[in-house]
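This report describes the structure shown below, with attention to its salt bridges, its sheet and its surface.

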Amino acid sequence: MKRIFVKTAGIILLASTLTGCIGSNAVTGKVMKFNVEVVDNRYARAGVNLLLAPVYGITSAVDYTLFNSLEFWTGTNPLNGNSHIFDSKVDTQFKVNDELDPSLRDAPIAPITNNRKIKTGEMKAIDENTIQMDIVYNNGDTGILTGVRDGEKVNYYIDDELISQTTISQLKTLKEESV
């Protein structure tokens, strides 16, 4: 009985991961971006590419079995927020969607991550120790980012929930490095 269960689970797992062969390959894309950013010479980049060959093999396997599968089943890649290529709106040769139940036209599982991006942000000073940014996200949601200075510390809140903390000296260092 246990053996049948293991075989069945293995077949289901294999079948579900085969859906991931196509996708945005987000992990491999991040390695590729690193490869290009290491050095500015095309021949040196080719050398780095050869050194990274085993890494590309691993990232491709991770993309194919995990992230592209998640992308297929949820409709969105959890790492980069891209829609699955199978959901592309293109001129097709065979029209079948009109004949299908609407539940068979979209990804069956909601995306795992919330890939909101800031569309606009308006910064304003509340007082000498507080700044606030009113945020509008690309999906229409809104939020408030607040920075409150408390002596040497600066606390950051999103919608009144503490998310991070820095010091004035860290901010000065960051400012000097960006100039």
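Predicted model: local features only at pLDDT ≥ 70, side-chain atom pairs only at ≥ 80, totals over all residues.

The structure holds 3 salt bridges. One of them joins lysine 33 to glutamate 37, with 2.7 Å between the closest N and O atoms. These two residues are 4 residues apart in helix H2 (residues 26-38), so about one helical turn separates them. Glutamate 37 has a relative accessible area of 53% and is therefore classed as exposed. Aspartate 91 and lysine 95 form another salt bridge, in which the closest N and O atoms lie 3.7 Å apart; both residues are exposed.

## The antiparallel sheet

Five strands make up an open sheet in the order S1-S2-S3-S4-S5, with antiparallel pairing. S1 and strand S5 (161-167) stand at the edges; each has a single partner strand, so one side of each lacks a neighbour in the sheet. From one strand to the next, the twist averages 20 degrees.

Strand S2 (residues 130-137) and strand S3 (residues 142-150) run antiparallel and are joined by 7 bridges, with valine 136 paired to threonine 142 in S3. S3 and S4 are also antiparallel, over 6 bridges; here the bridge partner of valine 148 is asparagine 155 in S4. The pairing of S4 with S5 is antiparallel over 6 bridges, and tyrosine 156 has serine 164 in S5 as its bridge partner.

## Hairpins and the crossing helix

The hairpin of S3 and S4 has 2 residues between the strands, and glycine 151 adopts a positive phi near 70 degrees there. In the hairpin of S4 and S5, also with 2 residues between the strands, aspartate 159 takes a positive phi near 50 degrees.

Helix H5 (residues 168-178) lies across S3, strand S4 (153-158) and S5, and runs at about 70 degrees to S5.

## A nonpolar surface patch

On the surface, Phe94, Val96, Leu100 and Leu104 form a nonpolar patch whose accessible area together is about 430 Å². Leucine 100 is located in the loop between helix H4 (53-74) and strand S1 (118-127). With 34% relative accessibility, leucine 100 counts as partly exposed.

Technical notes
Residues numbered from 1 in each chain as written. Heavy atoms only, no water. Patch = residues over 30% accessible without salt bridge, like charges linked within 9 Å, V, L, I, M, F, W, Y side chains within 5 Å. Areas by Shrake-Rupley, 256 points an atom, 1.4 Å probe, with all protein chains shown as cover. Salt bridge = Lys/Arg side-chain N within 4 Å of Asp/Glu carboxyl O. Buried < 20%, exposed > 50% of the residue type's maximum accessible area, 1.4 Å probe, protein only. Pairing = 2+ DSSP bridges. Axes fitted to C-alpha atoms, helices over the stretch in contact; angles between N-to-C directions. Contact = heavy atoms within 4.5 Å.
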